[in-house]
Amino acid sequence: MTSNTRVVVIGAGLAGVRLARRLSELGVSAVLVGEEEHTPYNRVLLAEVLAGRYAPEVIALPVPERLTRGRVVRIDRALRQVRLADSTVIAYDTLVLATGSNPVLPPLRGLFSPGRHELPEGVHAFRTMDDCLGLSDAVRRDTRAVVIGGGLLGVSAARALAERGAQVVLAQQGERLMERQLDPSASKLVLRHLTDLGVEVHTESRVRGVRCVEGAVRSVEMADGYTLGADLVVLACGVRPRAGLAQDAGLAVHKGVIVDDELRTSDPHIRAIGDCAQHDGQVYGLAAPALEQADVLAELLAGPPSAGSSTGPAGGAAGYGGTRALTRLTLATGGSAATGGSAASGGPLDLAAFGEHTPLPGDDVVQLTDATRGTYRKVVVRDDRLVGGVLVGELGTVGALARAWEGAEPLPADGAPLLHLLTNDGGS
């Protein structure tokens, strides 16, 4: 690709900003179109802003040189143009969709009144900086907050609100917290951690509706008829790929925008990365795959490296082969003096999950639990290879275990190195 080829990237989140920065480093100019008014930011750290540990500017991303603010409303594939809501038209040679994902809004009774498509006062999604700042402005000490959803996002939001002094109830429809990432033993430790923070957790608990008075939420109605008083309701029910633009443009869309190993959509002039992309049947919805896809695509768009230049990430110009993603979360404790949060008992709870942590018949499982220290470590070995694990507590060993998993090399037969990794609290 020549340096004067016009690359347009829609979406100024982690994936879009990373791609624009890497292209610039490789000598390819790109126009980045971002819908939000805020400076591009690291969405992964929004819970830290809500908790009061970070100011919004702390999680800002480097602003690309060519950033256009606006909402893309149409892709004209025939003319290779995108049209913005303010009627601005931007031409492209290569278009990259990094549109991310939208929060799932559950079909709750009373959530939307007839003819109204805005959430009631006091009801918030938790996906954007505006969502975060709105919640931060609304929460006060002893605010009654109900978090709907016990996945990674719901747990993070509940912890952050509790640190701000709110009275938090978390309602999870599934049997346990973070059931997509953690096994039952690890979920119990997360439950204990939230309970120690004062969060009231209800699992196997379905929310039926919200009750509003004069447009503001007042309570949450459970399926069993129980009612929870609420000044704030946080919807943390997952996300779905933001693929409407692609679908309207006639691109192949299933769960997300379908891409091949070169991250091309069904139109060879349009690529897709990040939360909106579906590769090999998988929509990741995590930061690590989005960043890896951005790095790989930058190498692909820049073309073969010149002699003496450094190579790109795993996969490089050969294409994207999928990401072996590790989920990591720190549930920190302790109130922020800046926000008046109360001090929480205990220390932070670190957790990580990678690969397959549910063993198959014939797999070997190594599991270490220390109830006093609140740590739990479990790894699954299949055919002498580490295939997954769950770690809760002190995570000095997570880096070494993750490298052993990513390398997929056979483990020594005596198992000593693996036991050393599990019991080592050294640096990651």
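Reply: The following dialogue takes up several features in turn. This is a predicted model, in which local features need pLDDT of at least 70, side-chain atom pairs count only at pLDDT 80 or more, and totals for chains, interfaces and linings use all residues. Residues are numbered from 1 along each chain as its sequence is written, and side-chain values use heavy atoms, with hydrogens and water left out.

Me: How many helices and strands does the protein chain have?

Reply: Helices (H or I, at least four residues) and strands (E, at least two) are DSSP runs, numbered from the N terminus. The protein chain has nine helices and 25 strands.

Me: What share of the residues in the protein chain is buried?

Reply: A residue is called buried under 20% relative accessible area, exposed over 50%, and partly exposed in between, with a 1.4 Å probe and protein chains only. Of the 428 residues in the protein chain, 48% are buried. One case is Asn42, which counts as buried because its relative accessibility is 18%. Asn42 is found in the loop between strand E2 (30-34) and helix H2 (46-51). Contact means heavy atoms within 4.5 Å; not counting residues up to four places away in sequence, Asn42 touches Leu14, Ile59 and Leu61.

Me: Which residues touch the most other members of the largest nonpolar core?

Reply: In soluble globular proteins, nonpolar side chains tend to be buried together. A nonpolar core is a set of buried Ala, Val, Leu, Ile, Met, Phe, Trp, Tyr and Cys residues joined through side-chain atoms within 4.5 Å. The largest core here has 49 residues, and those touching the most other members are Leu19, Ile75, Val82, Leu95, Leu97 and Ile273. Helix H7 (residues 287-302) supplies the largest share of this core, eight residues. Apart from this core lies another, of 44 residues, among them Leu46, Val155, Leu232 and Leu329.

Me: What does Leu19 contact, leaving aside its neighbours within four places in sequence?

Reply: With those neighbours left aside, Leu19 is in contact with Val9, Val96, Ile273, Ala294, Leu297 and Ala298.

Me: In which sense do strands E4 and E5 pair, parallel or antiparallel?

Reply: Two strands pair if DSSP finds at least two bridges between them. Strand E4 (residues 72-76) and strand E5 (residues 81-84) are antiparallel, with four bridges. Arg74 stands opposite Arg83 in E5. The hairpin of E4 and E5 has four residues between the strands, and Arg80 takes a positive phi near 55° there.

Me: How many salt bridges does a search of the whole structure find?

Reply: Side chains of opposite charge can pair when their charged atoms come close. A salt bridge is a side-chain nitrogen of Lys or Arg within 4 Å of a carboxyl oxygen of Asp or Glu. The search of the whole structure finds 22 salt bridges. In one of them, Arg242 pairs with Glu35, and the closest N and O atoms are 2.8 Å apart. This pair links distant parts of the chain, 207 residues apart: Arg242 is in the loop between strand E17 (239-241) and helix H6 (244-248), and Glu35 is in the loop between E2 and H2. Arg242 is partly exposed, with a relative accessible area of 32%, and Glu35 is partly exposed, at 42%.

Me: Are Glu48 and Arg159, which meet in a salt bridge, buried or exposed?

Reply: Glu48 and Arg159 are both buried, and their salt bridge spans 3.0 Å, N to O. Glu48 lies in helix H2 and Arg159 in helix H4 (residues 152-163), so the pair ties together parts that are 111 residues apart in sequence.
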